[in-house]
Amino acid sequence: MGKLDGRVVIVTGAARGQGEQEARLFRAEGARVVVADVLDDRGEALAKEIGALYVHLDVGTEDGWRSAVAAVKRAYGRIDGLVNNAGILRFNALVDTPLDEFMQVVQVNQVGCFLGMKAVVPELADGGTIVNTASYTALTGMAAVGTYAATKHAVLGLTRVAALELAARRIRVNAICPGAIDTAMSNPARLDPDADPEETSRALDELYRKLVPLGRIGQPEEVARLALFLTSDDSSYITGQPFVIDGGWLAGVSVI
Ligand code: NAD
């Protein structure tokens, strides 16, 4: 028996990184998975490999969500879960951030999460689940990622409100707040064919050895296991909560 047997779950931004690991794990746990992304080649290849449905979806567009939801209903007839995972990050000091860049990040991270819930909830089975991907920066500040942090704080607000509004239908809504995770977002060498991502991983581990109590960067598979917990009945009495997965980074600072 898998933890998600028979459930239909949409994972956005699932072509790579944390979303990819969520899609793989959910499929292994018996879910009928929908891989949604803008990276069609990669998303289609993953869907083919694991036996999932691929849908092209730009999460910041209402039309995109409308056709994605229709395609899922056509293929599977129902929706039981949504993981709003797609996200982008831009580095800039607040005063140097062009408005276009600010709005681009808002469109994907914040509007994408809002539109996802708006489009999917009317079709979501009672007792279904939503997992929104926020961040460590939803709960604290971090210099140079002000736009990103603002959107991730907003994702947490949306999560809490949705949990309250949907509890009557036993739909549970929670948020994941990862610290530094070794994907292309934190380790862009993963996208550079000439780079050695394992070498940059080791350099990142060295950096996070000093910052993070557990002394290393996190792995996308570890985040996927948290998403599974929040999507399965193992978390049946949990809703409206942020779940920090950061190796202890947010616990505080050590002076010894
Ligand atoms: P990633 O860059 O590897 O993956 C992001 C995925 O989202 C990609 O597949 C990308 O194509 C997709 N995407 C981007 N814009 C999209 C759009 N408009 N519509 C649909 N898909 C889109 O990074 P990741 O680390 O796997 O990121 C997953 C989530 O985790 C994001 O929400 C990110 O903000 C969050 N997060 C990541 C970290 C980290 O350190 N990696 C930390 C905290 C939170």
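In this predicted model, the side chains of Arg 66 and Asp 63 form a salt bridge, with 2.7 Å from N to O. The two residues are three apart in helix H3 (residues 62-76), so about one helical turn separates them. Arg 66 is exposed, with a relative accessible area of 52%, and Asp 63 is exposed as well, at 54%.

**Salt bridges**

The count of salt bridges comes to twelve. Three of these pairs are set out below.

| Pair | N to O distance |
|---|---|
| Arg 66 and Asp 63 | 2.7 Å |
| Asp 126 and Arg 169 | 2.8 Å |
| Asp 182 and Arg 190 | 3.1 Å |

The side chains of Asp 126 and Arg 169 meet in a salt bridge of 2.8 Å. Asp 126 belongs to strand E5 and Arg 169 to the loop between H5 and E6, so this pair ties together parts that lie 43 residues apart in sequence. Asp 126 is partly exposed at 47% relative accessible area, and Arg 169 is partly exposed at 27%.

In the salt bridge between Asp 182 and Arg 190, the side chains meet at 3.1 Å. Asp 182 is buried, with a relative accessible area of 4%.

**The largest pocket**

The largest pocket holds about 1100 Å³ of space. It is lined by 45 residues, and those closest to its centre are Gly 87, Ile 88, Leu 89, Thr 183 and Met 185. Two or more lining residues come from each of helix H1 (17-28), strand E2 (32-37), helix H5 (146-166) and helix H6 (197-211). H6 makes the largest contribution to the pocket lining, namely four residues. Sorted by class, the lining of this pocket consists of 27 nonpolar, 13 polar and five charged residues.

**The cavity**

Rolling a probe the size of a water molecule over the atoms shows where empty space is left. Across the whole structure, a search finds one cavity of 30 Å³ or more. The volume of the largest cavity is about 70 Å³. Of the 13 residues lining this cavity, Asn 84, Asn 85, Ala 86, Asn 109 and Cys 113 are the closest to its centre. Helix H4 (99-120), E5 and H5 each give at least two residues to the cavity lining. H4 supplies the largest share, with four residues. By class, the lining of the largest cavity has five nonpolar residues, seven polar ones and one charged.

**Loops and backbone angles**

Ala 144 is not a glycine, yet its phi is positive, at about 80°. Ala 144 sits in the loop between strand E5 (124-133) and H5. With a relative accessible area of 36%, Ala 144 is partly exposed.

Arg 170 also has a positive phi, near 60°, in a residue other than glycine. Arg 170 lies in the loop between H5 and strand E6 (172-178). Its relative accessibility of 56% makes Arg 170 exposed.

Val 212 is located in the loop between H6 and helix H7 (220-231). Val 212 is buried, with 5% relative accessible area. In sequence, Val 212 and Gly 248 are 36 residues apart, while in space their C-alpha atoms are 6.1 Å apart.

**A nonpolar surface patch**

Leu 139, Val 244 and Leu 250 make a nonpolar surface patch of about 200 Å². Val 244 is part of strand E7 (residues 242-245). Val 244 has a relative accessibility of 37% and therefore counts as partly exposed. Membership of a patch calls for over 30% relative accessible area, and the 37% of Val 244 is the value to set against that cut-off.

Notes: Residues numbered from 1 in each chain as written. Heavy atoms only, no water. Patch = residues over 30% accessible without salt bridge, like charges linked within 9 Å, V, L, I, M, F, W, Y side chains within 5 Å. Areas by Shrake-Rupley, 256 points an atom, 1.4 Å probe, with all protein chains shown as cover. Salt bridge = Lys/Arg side-chain N within 4 Å of Asp/Glu carboxyl O. Buried < 20%, exposed > 50% of the residue type's maximum accessible area, 1.4 Å probe, protein only. 1 Å grid on protein atoms, 1.4 Å probe; cavity = no way out; pocket = protein on both sides within 12 Å on 5 of 7 lines; lining within 4 Å. Points joined across faces, edges and corners; volume = space filled by probe spheres on them. Nonpolar A, V, L, I, M, F, W, Y, C, P; charged D, E, K, R; others polar.
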